[in-house]
Amino acid sequence: MTNDREIIARLRERIPTFKCKPGCHDCCGPVTASSEEMLRLPIKSDAEHDAALEELNCVHLGPNGCEVYDERPLICRLFGTTPKMACPNDCGPETMVDSKIEDQVHYYIATTRQVLV
């Protein structure tokens, strides 16, 4: 049986990457992540969470962008790689994510316990 860590690693490898518009954080709102993904992220205080939510931002969004970019959750990686979650600035990879991989990401999210990042 495959564990969550292996599933996440496999999906991460299959989601294409692209360069964002410098200074843009339009997709950095509050998101959820699995417990396994949360293990990779620094713990933030309740006050930090509350402040981020007041601004409708992710708690890991800093003045220079995502502070956990290399460990960002699957949902964050999917933004901009599929027409269903298009970048509002028309950025994206040369080749969009395969629809089967997108479906697998959504299935993983739907079938695992998700918590607010």
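This is a predicted model: local features need pLDDT of at least 70, side-chain atom pairs count only at pLDDT 80 or more; totals for chains, interfaces and linings use all residues.
Trainee: What is the volume of the largest cavity?

Mentor: A search of the whole structure with a threshold of 30 Å³ or more finds 1 cavity. The volume of the largest cavity is about 50 Å³.

Trainee: Which residues lie nearest the centre of the largest pocket?

Mentor: The largest pocket holds about 580 Å³ of space. Its lining divides into 22 nonpolar, 10 polar and 4 charged residues. Of the 36 residues that line the pocket, those nearest its centre are C20, C24, C27, C28 and Y69.

Trainee: Which elements give two or more residues to the lining of the largest pocket?

Mentor: The lining has 36 residues. The elements that contribute two or more of these residues are β3 (65-66) and α4 (74-78).

Trainee: Are helices α1 and α5 roughly parallel or roughly antiparallel to each other?

Mentor: Helix α1 covers residues 4-14 and helix α5 covers residues 99-111, and their axes lie 10 Å apart. The two helices pack at an angle of about 150 degrees. Angles over 145 degrees count as roughly antiparallel, so α1 and α5 are roughly antiparallel.

Trainee: How many residues in the contact of α1 with α5 are nonpolar, polar and charged?

Mentor: The crossing of these two helices is left-handed. Helix α1 brings D4, I7, I8, R10, L11 and R14 to the contact, while α5 brings I101, Q104, V105 and Y108. Asp and Arg count as charged, and Ile, Leu, Val and Tyr as nonpolar. The division is therefore 6 nonpolar, 1 polar and 3 charged.

Trainee: Which residues does I109 touch, leaving out residues up to four places away in sequence?

Mentor: I109 is found in helix α5. The C-alpha atoms of I109 and L74 are 8.5 Å apart in space, although these residues are 35 residues apart in sequence. With residues up to four places away left out, I109 touches I75 and Q114.

Methods: Residues are numbered from 1 along each chain as its sequence is written. Side-chain values use heavy atoms; hydrogens and water are left out. Axes are lines fitted to C-alpha atoms, for helices over the stretch in contact, and angles run from 0 to 180 degrees between N-to-C directions. Helices (H or I, at least four residues) and strands (E, at least two) are DSSP runs, numbered from the N terminus. Angles under 35 degrees count as roughly parallel, over 145 as roughly antiparallel, 65 to 115 as roughly perpendicular and the rest as oblique. A crossing is left-handed if the near helix is turned anticlockwise from the far one by less than a right angle, and right-handed if clockwise. Contact means heavy atoms within 4.5 Å. On a 1 Å grid over the protein atoms alone, a cavity is a set of points where a 1.4 Å probe fits but cannot get out, and a pocket is an open set with protein on both sides within 12 Å along at least five of seven lines; lining residues have an atom within 4 Å of a point. Grid points are joined across faces, edges and corners, and a volume is the space filled by probe spheres set on the points.
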